[in-house]
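Please keep the sequence and the structure in view while reading.

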Number of protein chains: 2
Amino acid sequence: MKGRFLAVDWGTTNRRVFVIGEYGTVEHTERDDHGVVKVGREGFVQEAAAIRRRLGDLPMLCAGMVGSDRGWVDAGYVPCPARIEDLAAALRWIEPGRIAIVPGLSFEGDDRADTMRGEEVQFLGAVAAGQVPSTALLAQPGTHCKWAHVADGAITRFTTAITGEMFALLKDHSLLAGQIDRAAEDDAAFLAGVERARSPNLLAHLFGVRADVLLGRRSREESASYASGLLIGADVAAHAAGASPFILAGPELGRLYARAVAAFGGEATIVDSHAAFVNGVRLIWDLVQ
Amino acid sequence: MKGRFLAVDWGTTNRRVFVIGEYGTVEHTERDDHGVVKVGREGFVQEAAAIRRRLGDLPMLCAGMVGSDRGWVDAGYVPCPARIEDLAAALRWIEPGRIAIVPGLSFEGDDRADTMRGEEVQFLGAVAAGQVPSTALLAQPGTHCKWAHVADGAITRFTTAITGEMFALLKDHSLLAGQIDRAAEDDAAFLAGVERARSPNLLAHLFGVRADVLLGRRSREESASYASGLLIGADVAAHAAGASPFILAGPELGRLYARAVAAFGGEATIVDSHAAFVNGVRLIWDLVQ
């Protein structure tokens with residue numbers, strides 16, 4: 001607990017800045033659209049200076065796509081198994097002692113590999129702060145849903161599924177554009193999609209979203225929930241069938257995943273992902289003081 | 001064999017017109033972009049008149065999306081099991097004896113439903129003309145890949161997978177846009193994707209296309225073939241594992257599917273889909289004379 005600092009969750013399109021107090025309290029937060037794409041490679045020094053002018057000339061710890069090859073500097077990946085201490089030891093310092101970027105995580109198995117950048121702070125923050133058990137299955141749903149296996153406080157392996165991105169692709173650009181015209185609800189149509197996902201044939205199930213409406217078997221208005229059920233059902237079937245994962249998510253997406261987990265015989269616990277991020281950056285920062 | 005006529009394969013974006021001779025010979029063909037979307041609901045009468053002015057004042061048999069709710073008139077669906085005689089009996093006549101539209105097919109099972117519109121002419125044409133056995137598994141890959149089970153000359157059930165559309169969505173709009181920048185080849189990367197598809201976790205495998213390149217496990221240039229292998233592999237795994245299907249396709253796509261079928265222990269036979277269409281319209285037209 002060694003002093004106040006700024007934490008920046010700097011993603012592709014959005015940015016959230018926290019002023020973290022000595023005891024891990026969040027003294028101030030702000031959110032804007034100055035994500036990595038908008039800021040551009042040359043803009044990070046000025047952006048960091050502007051944050052300090054607004055919020056105080058404090059040390060700054062950045063996480064997320066700011067550490068990618070499209071960000072401020074490439075902060076690399078820490079290989080699994082990885083603990084929060086490994087993140088702290090591998091910080092990429094921009095100004096020694098003053099500005100650092102958290103590295104991502106990589107997993108390389110015999111038959112597959114994976115990467116994450118940003119979610120590692122929440123996962124390992126939740127683990128190290130005791131928000132979740134030190135051995136557990138964790139998930140962060142979203143554009144890319146991350147499933148992380150934690151054992152004795154370390155992420156040993158993880159898998160990314162493009163579940164949320166796929167929903168957006170279908171909604172905006174596919175044969176289902178127009179038919180998927182709203183957010184999904186955890187209703188009967190959603191659960192029907194989850195049940196359908198027990199048979200692993202996503203490419204055919206997705207055409208069925210349209211065929212069912214053409215043949216009058218389901219209303220057009222149910223398409224969004226049903227398609228979401230197909231995707232989240234496929235995600236849970238592959239990664240958490242019968243398991244009881246801890247899900248770091250907001251309430252809407254958390255509820256959908258919890259329903260799908262229950263349909264597959266498990267029980268999900270929703271965990272506050274903002275608290276997990278703050279826990280993560282506070283612990284990392286304390287480790288390098 | 002009762003006289004010459006015009007056959008129009010009238011799809012969403014393209015149109016192909018055939019002048020069919022008395023013995024099923026193709027006397028002339030032309031292809032243009034006057035598909036259903038471009039023509040619009042009010043334009044079909046004039047378009048048909050223009051075709052007749054160019055190619056002769058002959059009877060006209062139309063198939064494809066021209067018979068959908070966005071086409072000239074909705075020609076409905078014939079339920080499975082369906083033979084070529086059922087298509088002929090259910091033609092939607094615009095001018096009696098002069099202009100007709102072929103209906104689509106529907107399948108409604110206990111747990112799923114499906115539709116096709118356009119492919120039924122090729123499938124049942126190939127069956128009725130003896131291009132394929134009267135009991136077989138047939139496929140028409142493309143934007144939407146159709147898998148049809150034929151028994152004693154009738155399509156008894158079929159399944160649509162959005163395989164080709166998914167490749168286009170990923171190529172044009174996803175995190176893989178830019179990384180998938182070419183057509184797929186039936187190379188080692190394609191076969192690696194097919195092998196990966198044995199485990200049914202498409203949403204995760206697709207993120208792996210990116211992670212493998214980020215971690216240096218596969219070159220960016222191999223991404224298109226690998227992603228295609230993931231998708232076609234998933235399609236074949238779900239619909240033709242160990243089977244020996246007859247595939248109505250052009251040479252490039254036919255070769256990719258044949259390689260995936262072989263990887264799953266079957267043997268594919270490529271069938272000329274243009275000949276199948278001509279056989280289909282000739283047989284349907286003869287049945288209504």
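## A sheet in chain A

Ala7(A) stands opposite Phe18(A), which lies in strand 2 of chain A. These two strands, strand 1 (residues 5-10) and strand 2 (residues 15-20) of chain A, run antiparallel and are joined by six bridges; strands, like helices, are DSSP runs numbered from the N terminus (E, at least two residues, for strands; H or I, at least four, for helices), and two strands pair if DSSP finds at least two bridges between them. The model is predicted, so local features need pLDDT of at least 70 and side-chain atom pairs count only at pLDDT 80 or more, while totals for chains, interfaces and linings use all residues. Residues are numbered from 1 along each chain as its sequence is written, chains are lettered from A and ligands numbered from 1 in the order in which they are written, and side-chain values use heavy atoms, with hydrogens and water left out.

Both strands belong to an open sheet of six strands in chain A, with the order 3-2-1-4-7-6 and mixed pairing. Strand 3 (26-32) and strand 6 (92-95) of chain A stand at the edges with a single partner strand each, so one side of each has no neighbour in the sheet.

## A sheet in chain B

Chain B has an open sheet of three strands in the order 5-8-9, again with mixed pairing. Because strand 5 (77-79) and strand 9 (113-116) of chain B each have a single partner strand, they stand at the edges and one side of each is left without a neighbour in the sheet. Strand 8 (residues 104-108) of chain B pairs with strand 9 of chain B in the antiparallel sense over four bridges, and Glu108(B) has Ala113(B) as its bridge partner in strand 9 of chain B.

## Where the chains meet

In the interface, 43 residues of chain B are in contact with 43 residues of chain A, where contact means heavy atoms within 4.5 Å. The two chains bury about 3,500 Å² between them, 65% of it on carbon and sulfur atoms; buried area is the accessible area (1.4 Å probe) that two parts lose on being put together, summed over both. In chain B, Leu203(B), Phe207(B) and Leu215(B) lose the most area to chain A, together 20% of what that side buries.

Four salt bridges are counted between chain B and chain A, each being a side-chain nitrogen of Lys or Arg within 4 Å of a carboxyl oxygen of Asp or Glu. Glu108(B) forms a salt bridge with Arg217(A), and the closest N and O atoms are 2.9 Å apart.
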